[in-house]
Amino acid sequence: MATSGETLLLTLRLAGSVPVRAGRELQQQRVAAQEAARSVDSVDETQAAHRRAEKQFFAAFDALLDEAPTGPAYLGKEKIAEAVAGELLMLEELGLHVPCFVLLPTHLHAVLHQPGGHSLSLYKTVELLHQRTAQQAHRILRGQLPAQADFWHPGFHELPVLGAGEQQRVQAYLLAHAQRLKLPARYGEWPYAYVAPVARAT
């Protein structure tokens, strides 16, 4: 894992993949937890409480996504999975590093490392990813997805990955995701799951 820059776990989800009420309730819980974290006196304790709140929100939100109670499951279509996976790896050409990602029927998780001083913001990166993959998905789904319909839900969720040890744990969690959900075996293989090859010393 690179020592400079920032490593993030990103979650992107399809439009309509979470019931509005359930998503709103989780956000309210998140805001309440963040406000409680700010009330702690110690700076270190405040940061730790904020970190716990963010990890708890990620766990609850991911569980809700895994239930897939509503909405489409377009990422389970192999042609779309191939297109999205290809665009994720294209981020390497923009100077980002993509150590790992997994595609589930309604959402994706990707670990991205942004080197220090990188000129492209995270928000612009995700915007480009949204635009390029949505265009391809609309072509693939012609006749199934109206031209004006959103493919992705706007925005994304980010969780900083702190240190090599945590990155290894996150990667293990992502790569085991499909098996935990008892999805078909293909979800553990390309193009649904990816881990970057380890560079060998010369």
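Predicted model: local features only at pLDDT ≥ 70, side-chain atom pairs only at ≥ 80, totals over all residues.

Biologist: Which residues of helix 3 are buried, then?
Modeller: The buried ones are Ile-80, Ala-81, Ala-83, Val-84, Ala-85, Glu-87 and Leu-88, and what covers them includes strand 2 (97-103), strand 3 (107-114) and helix 4 (122-140).

Biologist: How does the span of helix 3 agree with what it should be?
Modeller: Helix 3 covers residues 78-90, and at 1.5 Å a residue its 13 residues should span 18 Å, so the 18 Å between its end C-alpha atoms agrees with that.

Biologist: What about helix 4, what should it span?
Modeller: Its 19 residues should span 27 Å at 1.5 Å a residue, and the end C-alpha atoms are 27 Å apart, which agrees. The buried residues of helix 4 include Leu-122, Thr-125, Val-126, Leu-129 and His-130, and among the elements covering its buried residues are strand 1, helix 3, strand 3 and strand 4.

Biologist: Going back to Trp-190, what kind of peptide bond joins it to Pro-191?
Modeller: That is a cis peptide bond, with omega at about 10 degrees, and Pro-191 has its place in the loop between helix 6 (177-180) and strand 5 (193-195).

Biologist: Changing topic, how much space lies in the largest pocket?
Modeller: About 380 Å³ of space lies in the largest pocket, and of the 21 residues that line it, the closest to its centre are Arg-13, Gln-27, Phe-61, His-153 and Pro-154. The lining divides into 9 nonpolar, 8 polar and 4 charged residues.

Biologist: Which element gives the most to that lining?
Modeller: Helix 1 does, with 5 residues, while strand 1 (6-13), helix 1, helix 2 (43-67) and strand 4 (157-160) each supply at least two.

Biologist: Where is confidence lowest, and where is it highest?
Modeller: The lowest is in helix 1 (residues 20-38), at a mean pLDDT of 78, and the highest is in helix 3, at 97. Over the protein the average is 88, with 95% of the residues scoring at least 70.

Biologist: How many cavities of 30 Å³ or more does a search of the whole structure find?
Modeller: The search finds 1, and about 40 Å³ of space lies in the largest cavity. Glu-6, Leu-8, Leu-96, Leu-112, His-113, Gln-114, Leu-122 and Thr-125 line it, with strand 1, strand 3 and helix 4 as the elements that give two or more residues.

Biologist: Which of those gives the largest share of the lining?
Modeller: Strand 3 does, with 3 residues, and the lining of the largest cavity divides into 4 nonpolar, 3 polar and 1 charged.

Technical notes
Residues numbered from 1 in each chain as written. Heavy atoms only, no water. Helix = DSSP H or I, 4+ residues; strand = E, 2+ residues; numbered from the N terminus. Expected span 1.5 Å × (residues − 1). Buried < 20%, exposed > 50% of the residue type's maximum accessible area, 1.4 Å probe, protein only. Contact = heavy atoms within 4.5 Å. pLDDT = per-residue confidence, 0-100. 1 Å grid on protein atoms, 1.4 Å probe; cavity = no way out; pocket = protein on both sides within 12 Å on 5 of 7 lines; lining within 4 Å. Points joined across faces, edges and corners; volume = space filled by probe spheres on them. Nonpolar A, V, L, I, M, F, W, Y, C, P; charged D, E, K, R; others polar.
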